[in-house]
Amino acid sequence: MLATDSALLTASAIRKSFGGVEVLHGVDLHLARGEVLALLGENGAGKSTLVKILAGDYVADSGSVSSGDKEYSTLDPIQSRALGIRMIFQELSDAPLLTVAENISMGSWASKGGIVSWSKMHERANSALAMLGIEIDSSRLVGTLRIGERQLVEIARAISDNAQVLILDEPTAALSSAETDKLFEVINALRTRGVGMIYITHRLDEVGIIADRVQVLRDGSQSLIADAKKASRLELVKAMIGHEISNQAHPEAGMHSGETLLEVSQLSLGNIFSDISFNLRAGEVLALYGKVGSGAEEVGETIFGLHPERTGTLTLNQSAFTPKNPIDAIRAFIGFLPADRQRLGAFMVRPVAENLAVPSWPRYAARGIITKVKENDAYMRWSELLKIKSRNDPEQPIATLSGGNQQKVLLSRWFECDAKILVLIEPTRGVDVGARRDIYTTLRESAKKNKIGILITTSDHEEVIQVADRVVVMSRGKKVAEYEGKNIDSSKIIQTASE
Amino acid sequence: MKTKATEVKAGDLEKKPGRSVPELAALSLFLVALIVYFSWASEYFLGVENWINILSAVSVAGIIAVPGTMLLIAAQVDLSVGSAAAFTGTIAGIWINSSGVPLGILFGIIIGIIVGVLNGLLITRLHVNSLITTLGTLAIFRGLSYIIGGGQTVMVPDLSYLGLARPFLNLPLAVIVFVVVCIAGVLVMKYTTFGRSLYVIGANPAAARLVGIRTPRVILICFIISGVSTALAGLILTSQLTAASPMAANGLELSVITAIVLGGASLNGGRGTISGTILGLLIIGVLNNGLVLLNVDTFWQQVARGTLLIIAVSFDQLRERWGIKHG
């Protein structure tokens, strides 16, 4: 299967630095015609940098990319397209208000003298869809399709545009298992047509099913290249995380947990997650760990009242808790930080003190009358406790702080209004290393000291190791494991989450 | 390098961000410059009566612009204010003629509340964008004013004494109402959770929901306040003309928005002050008055007003770009 004579794309000794830090240390990549190469690696291992160099989005510092008899030391997006390289992004880049046919022909509409020929457009779309065995009506609006179908339309679009190399970036992250099966059928159809595919995934179980070969990157170097059918899961995990990473959970983990604050029982939400049960105890940091699309985030959101259509029971302080909206949750002293700080968390143009104080306003205000004195005091207090780096001006807009400091302000928001339970979605996403350590320390200390229960949902296994007393592992909407204290181990949780 | 390396460092802590003080300073300077120029160009300009004229001229727009500012801070806009003023004025006029002044005024204000509830519910319950909703109700209220008044101007002689009254400091009633509304507006925006919520809602409605702000309720209340202010404006117009005209306050929404935007409220919501709007109103009032005193053609006055609006909006855009960089 590794017939070098059918070489489709070869990248040699690719190096790339950002701001003086080398993120790819001379990586090779070989792709044969009709081959599926699984590309694995932790966040930041260099996978996306590598494929972006192939797509022409980044220019490599050194190394070369060759295809057929052509060799390039630098590749721009147009050259990359000319080589037939197409990338299917995780975030779909389609036009939901246009039809399937229009999406497939996008940018190269079939036309006669400037007049678009609809019949030709549909013909072309239908033949691309039929070739891949996709049954979707080409006159439907893309926005009305399910997420998996939209992805297939994007693949059809790439194919009708003569794609030779398809880069799929975590294509199954948001797919149901039926949709995943359909995607695999399409991938197999492409394979027989000689299209080479680079398949980026976090799901180790998919590697053996869909890939021919597997290449693992770790810290910008290739740590393993193997036959996908023969590589064991343990081997892959080891190659991904290496041995130098501390597998040791927080030493005193689990020592401070008190009575149960929140009991989650058989919680389900549509086809997002089902039958999730766990307890959150006072004084502990509990991590809900799962890959993107595992449903962990949505469990957190449900506890905060964002999915009132859920089934199952929540018990808070021995009584049933049925939050219908965030206000119900806040009244029950539950605080919440969304994953998307810019869009859902911060009031960017508003002062830091206001950002911190909003949920505490009812407490500050007597009959709706409020002064800024209390919130400014609160800001100064928390900014010292959490080491928030700012001008020490409560009126400074939060947009002028770095991501980590913004996150500290938003965290103080819930400490200030005496939340008893914190639900934090990806609490350190987009946070620099220093601020991340501060946040972990703060979370552990305040859980302990104030006897609050902190639930974080995360897709970062190191975060689990560093902050959690206990971890519930989720995969594809199901709880698959639970570990406590010293039993928390990187390779174990990564493996179970990949099931 | 195991981090999510995409973090953009928004925080250049040394940079002075765009704040309200310099904005208002620039506006105040502009106003002072206008005043200096007109007092040099016209001997009548600085007279007390002329200033009362200026204040009277902006008071109707001003009474509406104060709640209008609150709405824009919450990223909402009420375009129906002009026709709602005519609508409430016409109904109140008819009612005053049949049931007397106090009941008529009360009824006018109740109609104003209903106008606000209607706009507010359409926007918060049906989730129709406020610009479109109030563009619709703008036409509806104007049409209804003609229907109710039979297409005619309704004479309301009983209200004439209110139009002429100068109950305090020799100031016309309209100016007093305007000043009271301004003071109330400043206090509400600074010292009430309601006012502060408007800033938060305008800055990020999705985030406001996640910190427990009752956005629909706050927006509804704000539209009701706007509705009541249109009723006050409608009554004042009726008292000044001693007649309720279905054509009254035509295009008032544009003067109101001009003043608000001139005063520094951001079209994206989240920023703005009542005092800025008051400055904006004074600039418009002084400019109009000065141009009249200098015998500038009324058509050119319109050109001047329009130019002013564009300058104000470009200021807003420049501030967005140079002031706070959104991370």
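Let's start with two helices in chain B: helix α3 (residues 81–99) and helix α5 (residues 130–148) have axes that come within 8 Å and cross at roughly 25°. Axes here are lines fitted to C-alpha atoms, for helices over the stretch in contact, and angles run from 0 to 180 degrees between N-to-C directions. Helices (H or I, at least four residues) and strands (E, at least two) are DSSP runs, numbered from the N terminus.

Before I go on, a word on what we are looking at. This is a predicted model, where local features need pLDDT of at least 70, side-chain atom pairs count only at pLDDT 80 or more, and totals for chains, interfaces and linings use all residues. Residues are numbered from 1 along each chain as its sequence is written, while chains are lettered from A and ligands numbered from 1 in the order in which they are written.

Back to our pair. At that angle α3(B) and α5(B) are roughly parallel to each other, because angles under 35 degrees count as roughly parallel, over 145 as roughly antiparallel, 65 to 115 as roughly perpendicular and the rest as oblique. Their crossing is left-handed, meaning that the near helix is turned anticlockwise from the far one by less than a right angle, with right-handed for clockwise. On the α3(B) side the contact is made by B:Ser83, B:Ala84, B:Ala86, B:Phe87, B:Thr90, B:Ile91 and B:Ile94. From α5(B) come B:Leu138, B:Phe141, B:Arg142, B:Leu144, B:Ser145 and B:Ile148. Two residues are in contact if their C-beta atoms, placed from the backbone, lie within 7 Å. By class, that gives nine nonpolar, three polar and one charged residues. For the classes, Ala, Val, Leu, Ile, Met, Phe, Trp, Tyr, Cys and Pro count as nonpolar, Asp, Glu, Lys and Arg as charged, and the others, Gly among them, as polar.

Now, α3(B) has another partner. It packs with helix α10 (residues 215–241) of chain B at an angle of about 60°, with their axes 7 Å apart. That makes α3(B) oblique to α10(B), and this crossing is right-handed. Among the residues that meet here are B:Ala85, B:Gly89 and B:Gly93 in α3(B), and B:Gly227, B:Ala231 and B:Gly234 in α10(B). The class count for this contact is nine nonpolar, eight polar and no charged residues.

The contact uses B:Ala61, B:Ile64, B:Ala65, B:Gly68, B:Thr69 and B:Leu72 of α2(B), against B:Leu252, B:Ser255, B:Val256, B:Ala259 and B:Ile260 of α11(B). Those residues divide into eight nonpolar, three polar and no charged.

While we are on helix α2 (residues 48–73) of chain B, look at B:Asn53, which lies in it. A residue is buried if 20 or more other C-beta atoms, placed from the backbone, lie within 10 Å of its own, exposed if 12 or fewer, and partly exposed in between. B:Asn53 and B:Pro172 are 119 residues apart in sequence, yet 9.4 Å apart in space, C-alpha to C-alpha.

Stepping back, chain B has 13 helices and two strands, and of its 327 residues 50% count as buried. Residues 24 or more positions apart account for 80% of the contacts in chain B with a separation of 6 or more.

One more helix there: nine of the eleven residues of helix α8 (residues 193–203) of chain B are buried, so α8(B) is largely enclosed by the rest of the structure. B:Arg196 is one of the buried residues. The cover includes α13 (361–364) of chain A, together with α2, α7 (173–191), α9 (205–210) and α10 of chain B.

That brings us to chain A. Its domain assignment, automatic or from a database, gives domain 1 (4–241) and domain 2 (260–497). The C-alpha centres of these two domains lie 35 Å apart. Ten residues of domain 1 are in contact with nine residues of domain 2, and the domain 1 side divides into four nonpolar, three polar and three charged.

A:Asn162 has a positive phi of about 70° although it is not a glycine, and A:Asn162 counts as exposed, with 10 C-beta neighbours inside 10 Å. A:Glu170 also has a positive phi, near 40°, but A:Glu170 is buried, with 20 other C-beta atoms within 10 Å.
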